[in-house]
Each structure stands twice: as structure tokens, then as C-alpha cells.
Amino acid sequence: MIRDYFFHNTTGEIYPLLNEVVLDIVSYYRGGLPAYKISACKQLVIELLTNGVKHSGTGLSLITIMFNSSSIVIIKEDGGNVFRLNEHQEWPLSNFKEGERVVIYNCDFYALSAVIQSENQLSFEVEEYPVEDVHSSSSIPEHYGLLILTNLSSVFTYEYDSDKKINKFSATVNLDN
């Protein structure tokens, strides 16, 4: 089953849309989905919608949820600001090689990298470091949302269609594990 939702990229719409999505997930799986999988989907939707409010620079996003027996795929598409690996990078990613890792953020807690899948698509990976002590000088980095999305997803990708100027974030939650 596929279900589309329109989101006007406002904070006031986050929780009503979240509630609608969660009700649809619970209804589709008739209560047979473990609570931790529902929680992962909720957190993914919250983060994708929050990123839409904070970063998209456009008034409307399309949220698509694809349900099946083995996974839930949550997709956010918009025609707003393109995701950039760095301030000089343009799309398509013709100056990167497939499989190349580009560190987006590195701190005492983790390293967040983008892995080039094609000239139009990235996947994300996180390497978390052991934390002995958190200092008051520690801050939440700008890319913390990408860390959340990557950690909650079995696969998290970004794709940019430079012809249509469409951003597509896709988070997959595997139900088999």
C-alpha cells in the first residue's frame, strides 16, 4: 500500500500529520507491529518534517509512506533547497566517484558520512564513538538530524533530480529484524 500526505512545512502541522501517519501504520499492520518499529517510524517522520520546516525553503513537501510485509519506506520530497555536501558542491555529483565517502561531520561523539551511490544519490553512514564524559561545552551539531535519520533507518538516502529540481529523502525501516 502507498499513502501520500501533503505537508505545508509549518511546525503547527507536524503533530497532526504525525498522528495521521501513525494511525495509518497501526491500522495497516492491525496492531501486529512491535512498538519499537512504530517508535522508529514516528521519530523518522518527526525528523523529516522538522527538517522540512528548518531547511527546505519551500512551502510544500510530499510525504509518501510505502507499507509492505517486510518494510516501511518513508519518503519526503520537496522542490526547495538542495542538500550540499559542502559549500562548493553542485548537482549532479560528477566530481565524485561511486562508493566514495565524504565526511559531513566529525566530533567527539560520531562521524557522519555520505556515501556516493551515483551522481544523483547519496546514502548516509554513522560511526559512533564511545563517550566517556559529556562536557557542558558539548553542543548538538547542525547535522544531528541526519544522525537520527541514519541510525533509525535500515537505509537512509538522499537523491536530487536536477532536471525537476526535486529533493528526495528516503528512510527504510526493515520489519524482518
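**Figure 1. The crossing of helix 1 and helix 2 in the predicted model.** The axes of helix 1 and helix 2 (residues 35-55) cross at roughly 150° and come within 10 Å of each other. Helix 1 is therefore roughly antiparallel to helix 2, a term used for angles over 145 degrees. The contact involves residues of helix 1, including Tyr15, Leu18, Val22 and Ile25, and residues of helix 2, among them Ile38, Cys41, Val45 and Val53. The crossing of helix 1 past helix 2 is right-handed, that is, the near helix is turned clockwise from the far one by less than a right angle. Axes are lines fitted to C-alpha atoms, for helices over the stretch in contact, and angles run from 0 to 180 degrees between N-to-C directions. Contact means heavy atoms within 4.5 Å. Helices (H or I, at least four residues) and strands (E, at least two) are DSSP runs, numbered from the N terminus. This is a predicted model, in which local features need pLDDT of at least 70 and side-chain atom pairs count only at pLDDT 80 or more, whereas totals for chains, interfaces and linings use all residues. Residues are numbered from 1 along each chain as its sequence is written, and side-chain values use heavy atoms, with hydrogens and water left out.

Figure 2. Leu49 belongs to helix 2 and is buried, with a relative accessible area of 0%. Buried means under 20% relative accessible area, computed with a 1.4 Å probe and protein chains only. Beyond its neighbours within four places in sequence, Leu49 is in contact with Phe7, Ile14, Leu17 and Ile63. Asn9 is 40 residues from Leu49 in sequence, and their C-alpha atoms are 7.0 Å apart in space. Asp24 is part of helix 1; at 17% relative accessibility, Asp24 also counts as buried. Arg3, Tyr5 and Phe67 are in contact with Asp24, leaving aside neighbours within four places in sequence.

Figure 3. Eight strands form an open sheet in the order 1-2-3-8-7-6-5-4, with antiparallel pairing. Strand 1 (2-7) and strand 4 (101-106) are at the edges, each with a single partner strand, so one side of each has no neighbour in the sheet. From one strand to the next, the twist averages 20°. Two strands pair if DSSP finds at least two bridges between them. Helix 1 (residues 14-28) lies across strand 1, strand 2 (61-67) and strand 3 (71-78), and runs at about 175° to strand 1. Helix 3 (residues 144-152) also packs on the sheet, where it touches strand 5, strand 6, strand 7 (155-161) and strand 8 (166-174), its direction making about 90° with that of strand 6. The buried residues of helix 3 are Gly145, Leu146, Leu147, Leu149 and Thr150, and these pack against helix 2, strand 5, strand 6 and strand 7.

Figure 4. Strand 4 and strand 5 run antiparallel and are joined by five bridges; Tyr105 stands opposite Leu112 in strand 5. These two strands form a hairpin with three residues between them. Strand 5 (residues 110-118) pairs in the antiparallel sense with strand 6 (residues 121-128) over eight bridges, and a hairpin of two residues links them. Within this pair, Ala111 stands opposite Glu127 and Leu112 opposite Val126. Seven of the nine residues of strand 5 are buried, so the strand is mostly covered.

**Figure 5. Strands 3, 7 and 8.** Strand 3 runs antiparallel to strand 8, and eight bridges join them; here Glu77 stands opposite Lys168. Strand 7 pairs with strand 8 in the antiparallel sense over seven bridges, with Phe156 opposite Ala171. Four residues lie between strand 7 and strand 8 in their hairpin, and Lys165 in the turn has a positive phi of about 55°.

Figure 6. The largest nonpolar core has 45 residues, and Ile72, Phe83, Leu85, Leu122 and Phe124 have the most contacts inside it. Such a core is a set of buried Ala, Val, Leu, Ile, Met, Phe, Trp, Tyr and Cys residues joined through side-chain atoms within 4.5 Å. Not counting residues up to four places away in sequence, Leu85 touches Leu93, Phe96, Val102, Ile104, Ala114, Ile116 and Leu122. Ile65, in strand 2, counts as buried at 0% relative accessibility. Among the residues that Ile65 touches, not counting those up to four places away in sequence, are Met1, Tyr5, Val21 and Ile72.

Technical notes: Buried < 20%, exposed > 50% of the residue type's maximum accessible area, 1.4 Å probe, protein only. Parallel < 35°, antiparallel > 145°, perpendicular 65-115°, else oblique.
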